[in-house]
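Try each task before you read its solution.

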Amino acid sequence: MCLVFSTVQGQLKPVTLQLKWQHQFEFAGYYAADIKGFYAEKGLKVTIKPGDKNHSPVTEVLRGRATFGITDCDLLVNYTKGDPIVAMGSLFQHSPYIILATPYQNIHAPSDLIGKRILSADNYGWSQMKAMLMREGIPLDSVRKLEHSFKPMDLLNGNADAMTGYVTVEPYQYLKMGIDLSYIDPINYGVDFYGDILFTQQSVINNDPGLTESFRMASIKGWEYATSHPEEIIDYILSLPGVEKRGATKESLMYEAVQMRKLMIPELVEIGHMNEGRWQHILSIYQKLGMVGKRTRLDDFLYNHEGTQIDRIIQKIIYISITILVIIAGIVLYSISLKRAVKNRTGQLEIEIAQGNETREKLMVSEERLELATEAAGIGIWDWNLLENTIYLSEMWKTMLGYEPDELPDNMDTFFLLLHPDDKEGILKNERLHIDGEIQKLQFICRMKTKSGPYKWILSISRAGFRNEAGKATRIIGIHLDVDDIKNKEVELNQLSQELLISNKELKQFAYITSHNLRSPVANLLMLMRLFKK
């Protein structure tokens, strides 16, 4: 057995992960992927190296001393300078960086920082703080930046007025000393960055894309386990070298785990999710700060993975006939064709312009009929253009969930943020098969979060409106129908059926007991009658 294990271990491919800081719950998912065998399942032997202020994860990866690294959004600055790096995923959907100050400093807003001394570092949230100051119209030279010492007592001893830190760590350290710090969160001032970015070199992806995807998927699986079993992973972290010596305790790591969950929001967002539009917004902030050039593009910065992400398919009973979709899709396609006809006729002869006016009139009538039909039937329409990666969500689609039309943006993130976590896997896999042409007509029932809080059952039916020569969909048109009442009735009927089965079983048992209990006295009575006759 030992010989077999050694042989398997020898076949694992060695890779190194460079952390941005010392061992703590911030990296729990990577520890979990290692100790629970998720990396080994993918054929990887991962060495996890703790970080410190003298070892930049970006430098370690670029020089080949690490295969993967963890860092912050400043990774984008390295990319714009020509470093061949690729962002693979973000752990935090909101950055953990804040500015902390003791109560007697009376620092509660960015304007209170004018003339103050702040402990910070260029790779420790300082760019986010500069962006916040810039948005508030505060000159950067009005704040004095000191090199971060990472010593809590420097703030208490008056060596600085404020310092940058993690909302998941430093507040607890000071609370244990009996000090309730005040802090400034950049997100409250319109600066919302990602945090803890997993990245690698472009050459690693080019040379072995399978390794990159295997590491990413195993790491996500590790984070799913760590968020579900925090105490188990905390016990492991406390066993790592130097952790307890540094003053970390089970309570402090549990505090960190709870605060991290608020930044990850795994109930709404897939672990590792990144949005190109949001990265573009972060890039624009860096450009305004003068940290990157004006013509920078994100062409090769974001990791693009293909392939199946799901292992199971969920099919639901369909309550509405597919003919509704066919009718609506036909109206939509007819409207689109009319719009194109109108556009092509612009600038032609008067008679053609007259025909164009007639066409526009028909188009308006068609659109009015479509709008009335969808409102009357309570149908929400969505139209996904895969070539431009844009999506249209009708007003009924949004009001069906209790939202005002201007409350929800028209993008794919809206759908997946509102989707119930348990329904994501089946839908994602079916969507991929739908796009590839293996499923011509996609229909499923899912749960979506309403504005008031509860989830509502929604029937989704879609069909690919256009496909390219390879058979892949370039546009998908679909509808959403509210089947919450039907589904809830089904659940109630199932519960009632179960209750009837239980009651029937109990009645049978009662009849059996009654029969058994009556048999004995009747037998005794018969025997007494015989004795009486004698």
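The exercises below concern a predicted model, and each one is followed by a worked solution.

**Exercise 1. The whole chain**

Task: Find how many helices and strands there are in the chain, and what percentage of its residues is buried.

Solution. 
- Step 1. Count the elements. The chain has 19 helices and 15 strands.
- Step 2. Turn to burial. Of the 534 residues in the chain, 44% are buried.
- Step 3. Residues 24 or more positions apart account for 74% of them.

**Exercise 2. The nonpolar core**

Task: Which residues touch the most other members of the largest nonpolar core?

Solution. 
- Step 1. The largest nonpolar core holds 100 residues. Leu17, Leu113 and Trp279 touch the most other members.
- Step 2. Ask which element gives the largest share of this core. It is helix 10 (residues 209-228), with seven residues.
- Step 3. A separate core has 24 residues, including Leu418, Ile439, Cys446 and Ile476.
- Step 4. Go back to Trp279. Set aside its neighbours within four places in sequence. Trp279 is then in contact with Cys73, Leu76, Tyr194, Ile197, Met274, Leu298, Phe301 and Leu302.

**Exercise 3. A covered strand**

Task: Determine which residues of strand 5 lie on each of its faces, and which strands pair with it.

Solution. 
- Step 1. Strand 5 spans residues 97-101, and five of its five residues are buried.
- Step 2. Recall a rule. In a regular strand, side chains alternate between the two faces of the sheet.
- Step 3. Sort the residues. Tyr97, Ile99 and Ala101 are on one side, with Ile98 and Leu100 on the other. Both faces are covered.
- Step 4. Find one partner. Strand 8 (residues 162-166) pairs with strand 5 in the antiparallel sense over four bridges. Here Leu100 stands opposite Met163.
- Step 5. Find another partner. Strand 9 (residues 182-184) also pairs with strand 5 in the antiparallel sense, over three bridges. Ile99 has Ile184 as its bridge partner there.

**Exercise 4. A pocket and a cavity**

Task: Which helix gives the most to the lining of the second largest pocket? Which residues are closest to the centre of the second largest cavity?

Solution. 
- Step 1. The second largest pocket has a volume of about 1200 Å³.
- Step 2. Its lining has 48 residues, with Lys20, Trp21, Tyr124, Phe150 and Glu170 nearest the centre.
- Step 3. Helix 6 gives the most to this lining, with six residues.
- Step 4. Now the cavities. There are five of 30 Å³ or more. The second largest cavity has a volume of about 110 Å³.
- Step 5. Of its 13 lining residues, Tyr30, Gly89, Leu198, Ile220 and Gly272 are closest to the centre.
- Step 6. Strand 4 (85-92), strand 10 (195-201) and helix 10 each give two or more residues to the lining of this cavity.

**Exercise 5. Positive phi**

Task: What is the phi of Asp196, and what is the phi of Ile265?

Solution. 
- Step 1. Most residues other than glycine have a negative phi.
- Step 2. Asp196 is not a glycine, yet its phi is positive, about 55°. Asp196 sits in strand 10. It is buried, with a relative accessible area of 2%.
- Step 3. Ile265 is not a glycine either, and its phi is positive, about 40°. Ile265 is in the loop between helix 12 and helix 13. At 23% relative accessibility, Ile265 is partly exposed.

Key. Residues numbered from 1 in each chain as written. Predicted model: local features only at pLDDT ≥ 70, side-chain atom pairs only at ≥ 80, totals over all residues. Heavy atoms only, no water. Core = buried A, V, L, I, M, F, W, Y, C linked by side-chain atoms within 4.5 Å. Buried < 20%, exposed > 50% of the residue type's maximum accessible area, 1.4 Å probe, protein only. Contact = heavy atoms within 4.5 Å. Pairing = 2+ DSSP bridges. 1 Å grid on protein atoms, 1.4 Å probe; cavity = no way out; pocket = protein on both sides within 12 Å on 5 of 7 lines; lining within 4 Å. Points joined across faces, edges and corners; volume = space filled by probe spheres on them.
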